[in-house]
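Me: I have a model open on my screen and would like to learn how to read it. Could you take me through some features?

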Amino acid sequence: MTTNPLVERMQSFGTTIFAEMSSLAVATESVNLGQGMPDTDGPLEVAEAAIAAIRDGKNQYPPLIGVPELRHAVAEHQKRFYALDFDPDTEVLATAGATEAIAATMLALCEPGDEVVLFEPYYDSYAATVALAGASRKVVPLRPDAEGRYEFDPAELRAAISDRTKAILFNTPHNPTGKVFTAEETAFVAALCIEHDLIAITDEVYEHLVFDGRVHRPLVAEPGMRERTVQISSGGKTFSYTGWKIGWVCSTPELISAVRTAKQFLTYVNGGPFQYAIAHGLRMPDAYFAAFVEDMQAKRDMLVAGLTDAGFDVFVPEGTYFVTADAAPIVGHDDFDGLDFARSLPERCGVVAVPNVVFYDNKELGRTLLRFAFCKQVPLLEEGVRRLRTMGAS
């Protein structure tokens, strides 16, 4: 047997950075601002709905496409928030979180020789699922402008598309930058998809985490995109039950059938009782969603202030759980390894963050950047901020 039995297309993927940094946090007893995982449960009534489902005996395999209660709740949610019409019986598919939804979509729709266009930095599973499908990725950088807002160059996006391009993977609100794509940017992406007959795969798990009065715009709502978009989201981020892994896909019957064909040979089904609970969550009143955003925005502001006081150059996020910060002002120059700096941060101040360089193909663009998560309880954020400020003062 060879020394490395892993297939070649997966050999560049080691242990995920989130597992590494979370283990480092435990080993060093540091404040973990790395992994985007809340440290408290979400709404009690959603948890009670899961408990009720378990007690009611809803513990066996759910239908492959998801329980009717969840599929109907997803369809109602799409209509309620975006005026989008999806048939809950033919155009909605339940998945094991958005991660499985993305993997199943890639496996179903992409083949060796196909290309998938991504914006970088990108969530690490994107590159892995493209590789699993045997396809290759083309990246388009998001760069901060003079005011710190991440933007892409339309010419670079257009140039990334070739006759081999099968799909664009479009993540908004964007992890890790916190960018919320504007109406103009979304329309431009849609126009390119139509012009080049591309499939759009959209990751919208942070759809309800948009700050400062901004609006989340689903790409599928753009003219001409309904028949070519695979829209993906999940309940983990919106309801702070990330461990339940309840996600969904909304698309045309044809695309849903394709994704379902791949999905059935991954997890087949998952989380039966939790599907009923997330269905309950999706039907919660507007007041819940408004309070959720208000709470997270306040936590964002707390962490942004702390990082700024500590000496980082901070890019204020427009959405998501995350703040990107440049460590170059802390170090005093930009000739350093961001991954090494992140690994040294617990020793420096007792805080763990994620190095953004792992989200880039063009490593220089993210070499000095760190991602901090603010989806934490206020006392933990206050302690993290206190430690970060101590580092800045030193």
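Reply: Gladly! Let's begin with polar contacts: a polar contact is a pair of N or O atoms within 3.5 Å. Keep in mind that this is a predicted model.

Me: Which backbone oxygen lies 3.0 Å from a polar atom of the side chain of Arg149?

Reply: That is the backbone oxygen of Val180. Arg149 itself lies in the loop between β5 (143–144) and β6 (150–151).

Me: Is Arg149 buried or exposed?

Reply: Buried means under 20% relative accessible area. Arg149 has 19%, so this residue counts as buried.

Me: And what is Arg149 in contact with, leaving aside its neighbours within four places in sequence?

Reply: Its contacts include Arg143 and Pro144, then Lys179, Phe181 and Thr182, and also Glu185 and Glu318. Val180 is another of these contacts.

Me: Now the sheets. How do I read strand pairing?

Reply: Strands of a sheet pair through backbone hydrogen bonds, either parallel or antiparallel. Here, look for an open sheet of 4 strands in the order β11-β12-β15-β14, with antiparallel pairing. Its edge strands, β11 (313–315) and β14 (354–355), each pair on one side only.

Me: How many bridges join β12 and β15?

Reply: There are 5 bridges between β12 (residues 322–326) and β15 (residues 369–373), in the antiparallel sense. One place to look is Val323, whose bridge partner in β15 is Phe372.

Me: Which helix packs on the sheet, touching β14 and β15?

Reply: Helix α13 (residues 338–349) does, and its direction makes about 40° with that of β15. Helix α11 (residues 286–310) lies across β11, β12 and β15, running at about 10° to β12.

Key. Residues are numbered from 1 along each chain as its sequence is written. This is a predicted model: local features need pLDDT of at least 70, side-chain atom pairs count only at pLDDT 80 or more; totals for chains, interfaces and linings use all residues. Side-chain values use heavy atoms; hydrogens and water are left out. Helices (H or I, at least four residues) and strands (E, at least two) are DSSP runs, numbered from the N terminus. Buried means under 20% relative accessible area, exposed over 50%, partly exposed in between (1.4 Å probe, protein chains only). A polar contact is a pair of N or O atoms within 3.5 Å; within protein, one must be able to donate a hydrogen and the other to accept it, and residues adjacent in sequence count only if both atoms are side-chain atoms. Contact means heavy atoms within 4.5 Å. Two strands pair if DSSP finds at least two bridges between them. Axes are lines fitted to C-alpha atoms, for helices over the stretch in contact, and angles run from 0 to 180 degrees between N-to-C directions.
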